Amino acid sequence: VSAVVERGERARQVAGSVVDPELPMLTLEDLGVLGDVEVMGDRVVVWITPTYTGCPAVATMRADLRLALTAAGFADVDVRTRLSPPWSSDLITERGRALLAAHGIAPPGRVDAEPGRGTGPVDVVLGAPVRAAACPRCGSVRTREISRFGPTACTSMHVCASCAEPFEKVKER
Ligand SMILES: [Zn+2]
């Protein structure tokens with residue numbers, strides 16, 4: 001039994017170490033894209049929930065997962081996508097958020113914490129708009145969005161009024 005458990009853990013570890021093609025500082029696990037990893041004998045089924053439907057990165061993720069697991073000794077690798085429940089930026093781990101910030105990319109705000117979402121009482125928010133991104137370089141919230149689309153589908157471009165630096169931000173979703 002323990003060999004089976006170990007093999008399952010090994011598959012999970014290998015799949016969890018594969019990086020996102022668009023945000024390579026994050027693993028698929030950090031990004032919350034990696035779902036269940038099921039080992040049945042020589043066969044591994046890896047479930048992923050892409051950040052965006054029809055995301056061109058999915059083909060790359062699939063190939064990278066297959067390659068990594070094959071190299072780790074799993075002969076038969078099947079990568080499947082699960083679209084429901086959909087991916088949310090809230091699934092990005094704390095480690096993932098810290099890594100984004102360390103690479104100059106503002107992490108997304110919490111979708112669940114925004115007014116009008118969830119079941120709690122609606123908050124009254126005064127001052128800065130909820131989605132004002134904090135500058136990853138100087139921490140200022142005096143920033144504005146300059147483009148809805150950054151270099152990748154899941155990021156937007158912002159500029160900081162305090163340090164004048166442009167930066168990318170992972171969009172809430
Ligand atoms: Zn700044």
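A salt bridge here is a side-chain nitrogen of Lys or Arg within 4 Å of a carboxyl oxygen of Asp or Glu. The model is predicted.

**Exercise 1. Decide whether Arg-7 and Asp-42 form a salt bridge, and say where the partners lie.**

Solution. 
Step 1. Take the N to O distance: it is 3.7 Å.
Step 2. Compare it with the cut-off. A pair counts within 4 Å, so the side chains of Arg-7 and Asp-42 meet in a salt bridge.
Step 3. Arg-7 sits in helix α1, residues 2-16. Asp-42 sits in the loop between β1 (34-40) and β2 (43-48). The two are 35 residues apart, and the pair links distant parts of the chain.
Step 4. Check exposure. Buried means under 20% relative accessible area and exposed means over 50%. Arg-7, at 28%, is therefore partly exposed. Asp-42, at 53%, is exposed.
Step 5. The whole structure holds 10 salt bridges.

**Exercise 2. Trace the salt-bridge network that contains Asp-78.**

Solution. 
Step 1. Start with Arg-43. Its side chain meets that of Asp-78 in a salt bridge, 3.2 Å from N to O.
Step 2. Locate both ends. Arg-43 lies in strand β2 and Asp-78 in strand β3 (residues 76-81), so the bridge ties together parts 35 residues apart in sequence.
Step 3. Look for another partner. Asp-78 also bridges to Arg-80, with the closest N and O atoms 2.9 Å apart.
Step 4. Join the bridges that share partners. Arg-43, Asp-76, Asp-78 and Arg-80 form one network.
Step 5. Check the arginines. Arg-43 has 28% relative accessibility and is partly exposed. Arg-80 has 32% and is partly exposed too.

**Exercise 3. Describe the site of the zinc ion: donors, geometry and spacing.**

Solution. 
Step 1. List the protein donors. They are the SG atoms of Cys-135, Cys-138, Cys-160 and Cys-163. They lie 2.3 to 2.4 Å from the zinc ion.
Step 2. Read the angles. Among the four donor atoms they run from 103 to 120°.
Step 3. Classify. Four donors count as tetrahedral if all angles lie between 85 and 135 degrees, so the site of the zinc ion is tetrahedral. For reference, the ideal angle for four tetrahedral donors is 109.5 degrees.
Step 4. Write the spacing. In sequence the donor residues follow C-x2-C-x21-C-x2-C.
Step 5. Cys-135 is in the loop between β4 (105-106) and β5 (143-147). Cys-163 is in the loop between β6 and β7, and the two are 28 residues apart.
Step 6. Cys-135 is buried at 3%, whereas Cys-163 is partly exposed at 29%.

**Exercise 4. Find the backbone features at Pro-85 and Ala-164.**

Solution. 
Step 1. Check omega between Ser-84 and Pro-85. It is about 0°, and the peptide bond is cis. Pro-85 belongs to the loop between β3 and α3 (94-102).
Step 2. Check phi at Ala-164. It is positive, about 65°, although the residue is not a glycine. Ala-164 stands in the loop between β6 (155-160) and β7 (166-170). At 54% relative accessibility, Ala-164 is exposed.

**Exercise 5. Summarise the chain as a whole.**

Solution. 
Step 1. Count the elements: three helices and seven strands.
Step 2. Order them from the N terminus: α-β-β-α-β-α-β-β-β-β.
Step 3. Of the 173 residues, 39% count as buried.
Step 4. The accessible area is about 9300 Å², with 56% belonging to carbon and sulfur atoms.

Note on methods: Residues numbered from 1 in each chain as written. Predicted model: local features only at pLDDT ≥ 70, side-chain atom pairs only at ≥ 80, totals over all residues. Heavy atoms only, no water. Helix = DSSP H or I, 4+ residues; strand = E, 2+ residues; numbered from the N terminus. Buried < 20%, exposed > 50% of the residue type's maximum accessible area, 1.4 Å probe, protein only. Donors = N, O, S within 2.8 Å, 3.2 Å for Na, K, Ca; no water. Tetrahedral: all angles 85-135°; square planar, octahedral: opposite > 155°, others 65-115°. Areas by Shrake-Rupley, 256 points an atom, 1.4 Å probe, with all protein chains shown as cover.
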